[in-house]
Number of protein chains: 2
Amino acid sequence: MADQSYTDAELDLDLRWWDAANYLTVAQIYLQDNALLRDPLRPEHVKPRLLGHWGTSPGLSAIYAVLNRHIRRTGADVLYVTGPGHGGPALVASTYLEGTYSEVYPHVGRDAEGVQRLCRQFSTPGGIPSHVSVQTPGSIHEGGELGYALAHAGGAAFDRPELLVACVIGDGEAETGPLSASWKLPAFLNPRRDGAVLPILHLNGAKIAGPTVLGRSSDDDVCAYLAGQGWAPVVVAGDDPRPVFRALDAAVASAHARIAEIQRDARSGVDTRGRRWPAVVLRTPKGWTGPHTVDGVLIEGTHRAHQVPLSGVRDNPAHLALLEEWMRSYRPDELFDAAGALVPELAALAPVGDKRMGATPYANGGRLRMPLAIPDLARYALEIDMPATTLHETTRVLGELMRDLYADTTRPDGGGPFRLFCPDETASNRLGAVFEVTDRCWQLPSTADDDGLGPDGRVMEVLSEHLCQGWLEGYLLAGGHGIFASYEAFAMVSVSMLIQHTKWLQHAAELRWRAPVSSLNVLLTSTCWRNDHNGFSHQGPGMIDAAIPLAPQVVRVWLPPDSNTLLSIADHCLRSTDHVNLIVVDKQPHLQYLTLEEADEHCAAGASVWGWAGTEERVPGVPDEPDIVLAAAGDVPTQEILAAAELLRVWVPHLQVRVVNVVDLMALLPESVHPHGFPEEKFVGLFTAGTDVVFAFHGYSRAVHELLHGRTGPERFHVRGFSEQGTTTTPFDMVVLNRMSRYHLVLEALRRARRIPERGTELADFCRAQLARHHDYVREHLEDMPEVREWTWGFTAPPEG
Amino acid sequence: MADQSYTDAELDLDLRWWDAANYLTVAQIYLQDNALLRDPLRPEHVKPRLLGHWGTSPGLSAIYAVLNRHIRRTGADVLYVTGPGHGGPALVASTYLEGTYSEVYPHVGRDAEGVQRLCRQFSTPGGIPSHVSVQTPGSIHEGGELGYALAHAGGAAFDRPELLVACVIGDGEAETGPLSASWKLPAFLNPRRDGAVLPILHLNGAKIAGPTVLGRSSDDDVCAYLAGQGWAPVVVAGDDPRPVFRALDAAVASAHARIAEIQRDARSGVDTRGRRWPAVVLRTPKGWTGPHTVDGVLIEGTHRAHQVPLSGVRDNPAHLALLEEWMRSYRPDELFDAAGALVPELAALAPVGDKRMGATPYANGGRLRMPLAIPDLARYALEIDMPATTLHETTRVLGELMRDLYADTTRPDGGGPFRLFCPDETASNRLGAVFEVTDRCWQLPSTADDDGLGPDGRVMEVLSEHLCQGWLEGYLLAGGHGIFASYEAFAMVSVSMLIQHTKWLQHAAELRWRAPVSSLNVLLTSTCWRNDHNGFSHQGPGMIDAAIPLAPQVVRVWLPPDSNTLLSIADHCLRSTDHVNLIVVDKQPHLQYLTLEEADEHCAAGASVWGWAGTEERVPGVPDEPDIVLAAAGDVPTQEILAAAELLRVWVPHLQVRVVNVVDLMALLPESVHPHGFPEEKFVGLFTAGTDVVFAFHGYSRAVHELLHGRTGPERFHVRGFSEQGTTTTPFDMVVLNRMSRYHLVLEALRRARRIPERGTELADFCRAQLARHHDYVREHLEDMPEVREWTWGFTAPPEG
């Protein structure tokens, strides 16, 4: 479909803009001097080490040029997501040409010196990465690890009804799992209240060293593949720029018109389910407009154009001449004026102000972010008359809080927006209160037997941790708020995304022009200790280990022991910006300990002595130094530590026992290592300077030793945690198999205490007998071993005799 | 297409077999007693806690029954991969009915007592998991974390030309990323030399709490989706068992005939590229044959049938009656004889011996495994005249070794088979020697400009770590050998798969009937220290942290410092079984240290004193106790530690310095924790009992402290490692930014040594000056900071004066 309004003169200008972008791309890859080729090219102008990716770049710049025209024509707000993120120089070039680059980096001005700096800095020590990165204006998407472009694009579009996300997907990336799953977006994107995503599947046929599956698939197959997932693809293909630009322009215009029609209908109450969203399949040569053949070998259109098509340029005069010829083919003298600025007729092609894709606030979501209106937590708090006497499914209160976040953020003054992302486990994770006010988001057909499901639902359930995490990342980077809730073990499916997002936030914090965004909040529930009813695949607390070594200014790990602490932590996390918060807490019924007021105090402190649980409040006048410290981090560990403390209190009441609870795990790290690390005096104040500590930990025990290095007397910490034991069994057997049961903890405490208490031997015998009894029971009764009841305060058998 | 050979009598029998499977499925979920319903059902017969997944099970059993008939009809070798692995009771039931279950678990006999045990053990404490698991005969696929069924199926089919892998994929799993990527299999499956995969996309429409995307998509859309990726799908749908069985039988027969035709043509030299592989889309109700409606609410065919359709059975007489009615609808008395054995006419429906899907050796690959014929390593060894004087791209020798593994395993007596799996990075990772003898595997069209690409290639390159890892896992579990090579940072994309595979091997080792399989060997290269030319996304050594807490009997982490140690380690790993081996080594030019003989000795020891690098061989008669120990694990750390040692030797020659190199990281763990952990006396022999140790580590530094807890004096270890610093820069700047440079190490050594050596202050000043000079240089020169040359022996500036 030819667009009559695209005149030849306009096309000429766009092609010249494209020449400028391509010129600057080549110059970034090759030149450290003479960047505008005002002098004949000499070897010393060429960088000593040639890095960067030419192959995908011309296509990326062509799309950028066509979108620019479309924006100027329609006034659309467009966010450009660069899946083939290795094409960094193309995006740097385009944002430089439109002026945003110099606005955020004033030392790279719009003159000859700026061009020179632009080129020298690229992929050079001390300069900028060769990929699209957090440093690139207009990007919400790091171009390193592939697979998340379309998920990020979808997330950015949610609740942004005016936004068009143009998402370029490379055919290499299209082979990844996460990207392959992302094509299911039409089942989840609501035209009434969300923005739109226009995927541009940019097939140039090759990755680093070989062809790609979609690149070598027929148009019919590629279109069938996309059509089967709710898209209406059109193919734009060719190697002659003029017709390709015309066709791409027409495809974008027609796609956007079609999107507008769907949105208009949906927003006026028409049921638009079943309508297919437009998509563009763009086939252009890899390394388009670059050297066609070098030394008799075909380059353009093959995998050989992936990175640097001409090598050995400094030493090979023929290659140097080829490079100069190539660069001059863009006629730089007609693109940049005498001062080195883009000529006015080309500069005028860029949209204005925030309409420029490098400047759009949707790519700098902190500018759009409104703080959440978080209700008073007292509304959800559990009443606690006496600690450790009632059981409650701990995560339920978070569901209730999120329910009201949903309700509030649908009001104009409610802050937000807010969404929960969860792989089909919202109800299973006891967060189902959200369904009192919203549904699972669903754009496909419904039936009368669906529960809590609808097109206007805003709980995002899809059986893909990658999509949940990727959507949330895009949503946050475009200014939203959210939580990703996952089974603890399966959160590891997307751990590499969490790592990459942490790296993004770490470097974003160094850029003043990037406004703070809401933190990535990950709720890990259905934890290892209470997946006793599932098999061995469901137990894995390794996310904590993965998070510990990451940027300390970004990562926090929270282990609330009960509902009110969970509320307090969630409130903190939802208000915070630029962090990654892991919140680890189980969903099953657990003992509850603290009132909301106590919980707030405890969470603010990070860790506290629980005087009521040890001997300190029971035996007035105890010496400062306890005989043993019992510490816990996590809900099940807290339960077992408290049961152990009670056993000690009842059997050997004169042993001085201190109980410490840790909710902010990073507090264990030295102050010099993590901003939440306790000063040494606070650490010693909790754990003493010399008393042994029996520490029950939610995760793998050695993670605690990893944290404690550098603390006073780390060798006196005796940690029990999950040790890859236990499959289908009982909760009590889980703590026995992993040697973290109350009996194990008491035995360890007796072994490590500063003095051997009277009746200590009897208590040890009692504990061993209890474990032996359990062991025999398991061996003898196998299939009908009864559940061991949860411990409650006062449950422990009193000492005999 | 009706299959005329499927008589009504046969169909009647198959439906009765299916009744038996469904009966045993329900009995496993519900009954702890009266398993054959020989008495009226009473509440106490019912398990106290009802667990398991009914919804998917009847469909899985129907497919099993139809495949059984197909096997008996054709003699095919069929491996059944259960994507909806939560349907564990269905697979347990079918393998019990065919007799394999009782063969591997003799205590669960084929009589009433056996049925009773079968039911009691299911998803009960001390019993078996509710998912298909390593304990399930015939399975190579754990049914917990979803997404890998089709990748495992593809891997199992590679190089097994006689095998048909029937891969059932649930519509929940089909939403995951890895499964979505797996549909690209036709681009990689060679009909000449590989087996076939028949995907059976089992759409019952719902997951735990809601519908699924494919389940609610139209037949046309689902078929377009699959057709676009190289499949020829047929739809079988219905809720009336008779026609569904007939249609499924016909679909399987016709699919297998079509597969045989493709294979026959390919094996007789016809170019079959472009032919589409058959696939089946099976739509049957969720919870088929179960309670249709309970308490007026529709169950069958909805998400409510996902787990346990009837709850509260013990306390609700109406539900108890419904359960009994449901179970008796299968007429158990006509299925099992008086002794509780399956009646003969049904027992005769199972295939015989190893043709039974529960008994196929393809699901117990250790039975098929032939040891690799590994050539003499001397063929690849680098000659080392003097350590640390030559540079070599370390991974190249592994490429050469693998080249010959490929060449040898194509001979009938060559052992194997062997394959390399790598996301498009084989050449980049310097493993390109394999292309001398084989190609990248590629079943789509080729062009004249493709390099090292062909249909018969056996290097598996696809831009998906999930597919690489999943294919390799399937390949190993079916008896093959292989290596997965990945950029270190991006290996984290599939880390959850590595964790789940480790769990599989941990539990497989407890099952005598599972024969050992080849280890999962993962090469992590393009490491954090030498991705200085890439952005911050490319640097992540976290896989080590993820591996450390896993089953010590399974996991090993190897850090070879040079080529000959890499050869020695690779040889060890390729011979080993039932392990997960991480091998971490960079691909860039690195210094080389050990001859092959020395390397073998070093690797066998796990860690050694490098006498030539410290003062021990230089200063005869030095005291036993050095003043400082310098230790390293990894290639770049080894380089920096050796440079530091030389600085110390040259400037302060009387300081007694010991250099220790660690290649087997788990050796640092206490002997009681890991089988490779050094006995304490060996540990002290290396690191002394009291001297401080400056330790340069490849990964995050605190991982070393995690390992060292429990050792003598762990607080005297001062570890430097990667600390999330550095983006595009130079190799030397990377070690400076992460404070692991030779100068940092010398300063630490001077600070920690047992005595302050003469001229130590001058050396410290020199180091600080060098760092300051570097710092100034970086700040002043930014974009044109030169590469700091690699250190070579004798490079360090001699002391002045």
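This briefing describes selected features of a predicted model, from the contact between its chains to the packing of single helices and residues. The contact between the chains takes 101 residues from chain A and 101 residues from chain B, and the largest nonpolar core has 517 residues. The points below are grouped by topic.

- On the side of chain A that touches chain B, the elements that give two or more residues are α5 (112-121), α7 (177-182), α8 (219-227), α15 (495-508), α16 (542-547) and α21 (702-708) of chain A.
- The largest share of this side of chain A comes from α15(A), which contributes seven residues.
- When the residues of this side of chain A are divided by class, 39 are nonpolar, 39 are polar and 23 are charged.

**The nonpolar core**

- Within the largest nonpolar core, the residues that touch the most other members are A:V165, A:C167 and A:L630, together with B:V165, B:C167 and B:L630.
- If neighbours within four places in sequence are left aside, B:L630 is in contact with B:I641, B:A644, B:A645, B:V657, B:V659, B:V694, B:L745 and B:A749.

**A buried helix, α3 of chain A**

- Helix α3 of chain A spans residues 88-98, and because 11 of its 11 residues are buried, this helix is largely enclosed by the rest of the structure.
- The buried residues of α3(A) include A:L91, A:V92 and A:L97, and also A:S94, A:T95 and A:E98.
- These buried residues pack against several elements of chain A, namely α1 (8-30), α2 (57-74), β1 (77-82), α4 (100-104) and α5.
- Just after α3(A) comes A:G99, a residue that takes a positive phi of about 100 degrees.

**A buried arginine in a loop of chain A**

- A:R458 is found in the loop that lies between β11 (453-454) and β12 (459-461) of chain A.
- With 20 or more other C-beta atoms within 10 Å a residue counts as buried, and A:R458, which has 23 within that distance, is therefore buried.
- Not counting residues up to four places away in sequence, A:R458 touches A:Y406, A:R419, A:T438 and A:C441.
- One of these, A:T438, is 20 residues apart from A:R458 along the chain, yet the C-alpha atoms of the two are separated by 6.3 Å.

**Helix α17 of chain B and its two partners**

- Two packed helices are described by the angle between their axes and the distance between the axes.
- Helix α17 (residues 563-575) of chain B packs with helix α18 (residues 596-605) of chain B at an angle of about 55 degrees, and their axes are 8 Å apart, which makes α17(B) oblique to α18(B).
- The crossing in which α17(B) passes α18(B) is right-handed.
- This contact is made by B:N564, B:T565, B:L567, B:S568, B:I569 and B:H572 of α17(B), which meet B:L596, B:A599, B:D600, B:H602 and B:C603 of α18(B).
- By class, the residues of the contact of α17(B) with α18(B) are five nonpolar, five polar and one charged.
- Helix α13 (residues 396-409) of chain B also packs with α17(B), here at an angle of about 40 degrees and with the axes 8 Å apart, which makes α13(B) oblique to α17(B).
- The crossing of α13(B) and α17(B) is right-handed.
- In this pair, B:V397, B:L398 and B:L401 of α13(B) meet B:S563, B:L566, B:L567 and B:A570 of α17(B).
- The contact of α13(B) with α17(B) has six nonpolar residues, one polar residue and no charged residues.

Methods: Residues are numbered from 1 along each chain as its sequence is written. Chains are lettered from A and ligands numbered from 1 in the order in which they are written. This is a predicted model: local features need pLDDT of at least 70, side-chain atom pairs count only at pLDDT 80 or more; totals for chains, interfaces and linings use all residues. Axes are lines fitted to C-alpha atoms, for helices over the stretch in contact, and angles run from 0 to 180 degrees between N-to-C directions. Helices (H or I, at least four residues) and strands (E, at least two) are DSSP runs, numbered from the N terminus. Angles under 35 degrees count as roughly parallel, over 145 as roughly antiparallel, 65 to 115 as roughly perpendicular and the rest as oblique. A crossing is left-handed if the near helix is turned anticlockwise from the far one by less than a right angle, and right-handed if clockwise. Two residues are in contact if their C-beta atoms, placed from the backbone, lie within 7 Å. Ala, Val, Leu, Ile, Met, Phe, Trp, Tyr, Cys and Pro count as nonpolar, Asp, Glu, Lys and Arg as charged, and the others, Gly among them, as polar. A nonpolar core is a set of buried Ala, Val, Leu, Ile, Met, Phe, Trp, Tyr and Cys residues joined through C-beta atoms within 7 Å. A residue is buried if 20 or more other C-beta atoms lie within 10 Å of its own, exposed if 12 or fewer, and partly exposed in between; C-beta atoms are placed from the backbone.
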